[in-house]
Amino acid sequence: MIRKLLPCLGTYKKYAILTPLMIGIEVLLEVWIPWIMASIVDHGIQGNGGIDYTVKMGLLMIIMACCSLFFGALAGKFAAQAGIGFGKNLRTLLFAKVQEFSFINVDKFTTGSLVTRLTTDVTNTQNAFMLLLRLAFRAPIMLIGATCMAIYVNPHLSLIFFAAIPFLSIALYFILVKAHPRFLTMLKNYDSMNSIVQENLINIRVVKSFVRENYEKQKFAKSAEAVRSAQFFAEKLVILNMPLMEICMYCCIIAVLWFGGSLVINSTMEIGELSSFISYIMQILISLMMISMLMIISVLSRASLGRISEIIDEHPALHDNKAGYAAPLNGSIEFRDVSFAYDELSQNLVLSHINLNIKAGETIGIIGGTGSGKSTLVQLIPRLYETSTGQVFVDGKDVKKYRLPALRDTVAMVLQKNLVFSGTIRENLCWGKKDATEAEMIAACKAAQAHDFIMQWPEGYDTNLGQNGVNVSGGQKQRLCIARALLKRPRIIIFDDSTSAIDTATENKLRKALKEQVQNATMIIIAQRISSLSDADRIIVMDDGKIDAFGSHQELLQTNKIYQEVYKSQQKGVS
Ligand SMILES: Nc1ncnc2c1ncn2[C@@H]1O[C@H](COP(=O)(O)OP(=O)(O)OP(=O)(O)O)[C@@H](O)[C@H]1O
């Protein structure tokens, strides 16, 4: 895992190398200071070193303390640079990986969980890395240095803290083993909370119109409480670490004072030696404390690391055939015995045994009840999902054999949910085709019946749409999305119920203009209204994941029961 993440250091590697170097110097100086202190007391004050010796050693001690401070500050700065840079690179890597995911991968993780992994989990890992850089080197260097010095000062007295180590190790092991699953639960609760926030913010208009603010508040409070209790459950174990360490430290100091004091009384140990020994004991115990803290942080970051590694290890459900064919040129489509299930394991077929032939340049309508599989069917053409069995062909070639970006550039889809991004209209339109000229953009907007309403705004194409296009109506958003798709000049264009918010008169104009704009392109229109399909050469009637009939409007009116019923019910509405 660590090996997988190391490349994320990138250009910040030098800081990660410099940090332990600086810490090494800082700690060596720190360990040296008590020894100088002891020599001041024993030789300068009590011995015959006199004032000269005391001043000389005192100055040396001050210089060493200043140098130690300087190297410590440098180490902190380098650790922060390495940690923050690592966090940025890790986040970028994960974001890039998520961009490769297919819908199936995103559905598997859920959007809320992906947000937590890219934010909270990366922050946990970044903080842990920063601390690791500092403590992972500081603690062992200090432990070894202080232990050596303590043994050098008095080997018998140093046995005291060796007695404390087994006790500390057992206590720490217990805390760590128990805390890990608790932190995992806490992070899962974070996922749910983030999903609630995200869903609420996206659907804030629905919440307000249904006056469900209180319900949403309660839902969030429940989720926040779940995070709190899971976090408390995990932290209450971890907080035991500090008192345990402190009890140990003070017991050791008392024992050292007790035994060391009697050694001083018996004149087998100098006072300066005893005071430096106490400093070393403190340093040893502080470094043990740092090690225990490091382990606790590693438990929390292990949970986050595991979740990050799941993203890195996830194989995109769709593979791009990089050596595949370039974009299709004609736009004929064939479905050969295609079946599809969203969940491969459940075998719950959403489409079953679909056989279909669409000629290049044809306009095809699709009609059918809700949940009959219309959207699923068309999403298989640009390979947004992979067929479970059977094959989809475009221009006579299996869609899997095309290069994915080439295929998707040729097949434009206007989705049922019309999404625009924050930014200007121009930015949104050119989002699918960066090099679009002004003339192309205006032509696409005219065809999509969007040009007139855009020009009514003072800033025209430079009008800011706000986040998720809050400044435009549903019908306007649909027309902008149609214009965005047209601008790509696709060979196949799919409208997934994307004119539902447009009035009939505008829709008629749109249909006429579309014919001219897309010319020879194959057009697939999913619609609920038969009137929206009046220009279709042939119409597919879908029922429960199967094609019930496929023919012209007239043929279906004469032969297909479902179509006749839909037609009659819609005619009644008109009359
Ligand atoms: N991402 C998904 N994961 C699991 N099941 C899904 C997913 N999307 C759709 N389904 C299921 O697949 C079935 C067909 O859905 P689909 O969206 O293709 O129908 P549709 O005919 O386009 O419906 P509508 O007219 O309401 O848009 C439905 O039963 C739906 O619950």
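Student: What makes the span of helix α9 close to the expected one?

Tutor: Helix α9, residues 241-265, has 25 residues and reaches 36 Å from its first C-alpha to its last. Helices here are DSSP runs of H or I with at least four residues, and strands are runs of E with at least two, numbered from the N terminus. The model is a predicted one, in which local features need pLDDT of at least 70 and side-chain atom pairs count only at pLDDT 80 or more, while totals for chains, interfaces and linings use all residues. Residues are numbered from 1 along each chain as its sequence is written.

Student: Which residues of α9 are buried, and what covers them?

Tutor: The buried residues of α9 are Asn 241, Met 245, Met 249, Val 256 and Gly 260. What covers them includes α6, α8 (213-238) and α10 (271-313). An α-helix has 3.6 residues a turn, so residues three or four places apart point the same way.

Student: Why is Ser 267 called exposed?

Tutor: A residue is buried if 20 or more other C-beta atoms, placed from the backbone, lie within 10 Å of its own, exposed if 12 or fewer, and partly exposed in between. Ser 267 has 7 such neighbours inside 10 Å and therefore counts as exposed. Ser 267 follows α9, in the loop between α9 and α10, and its phi is positive, near 60°, although it is a residue other than glycine.

Student: What is the phi of Asp 395, and why is this residue called partly exposed?

Tutor: Asp 395 has a positive phi of about 55° although it is not a glycine, and it is found in the loop between β4 (389-394) and β5 (397-398). Because 19 other C-beta atoms lie within 10 Å of Asp 395, it counts as partly exposed.

Student: How do you know that Leu 429 is buried, and what does it touch?

Tutor: Leu 429, which lies in helix α13 (residues 425-429), has 26 C-beta neighbours inside 10 Å and so counts as buried. Contact is taken as C-beta atoms, placed from the backbone, within 7 Å of each other. Leaving out residues up to four places away in sequence, Leu 429 touches Ala 436, Met 441, Ala 483, Arg 484 and Leu 487.

Student: Where does α6 have a kink, and how does its span compare with the expected one?

Tutor: The kink, of about 30°, lies at Ala 179, shortly before the proline Pro 181. The bend at a residue is the angle between axes fitted to the seven residues ending there and the seven starting there. Helix α6 (residues 159-202) has 44 residues and reaches 64 Å, close to the 64 Å expected at 1.5 Å a residue.

Student: Which residues come nearest to the ligand, and how does its shell divide?

Tutor: Of the 12 residues around the ligand (C-beta atom, placed from the backbone, within 6 Å), Tyr 342, Thr 370, Lys 374, Ser 375 and Thr 376 come nearest. The shell divides into 2 nonpolar, 8 polar and 2 charged residues, where Ala, Val, Leu, Ile, Met, Phe, Trp, Tyr, Cys and Pro count as nonpolar, Asp, Glu, Lys and Arg as charged, and the others, Gly among them, as polar. The largest share, 3 residues, comes from helix α11 (residues 374-379).

Conventions: The expected span of a helix is 1.5 Å times one less than its number of residues. Two residues are in contact if their C-beta atoms, placed from the backbone, lie within 7 Å.
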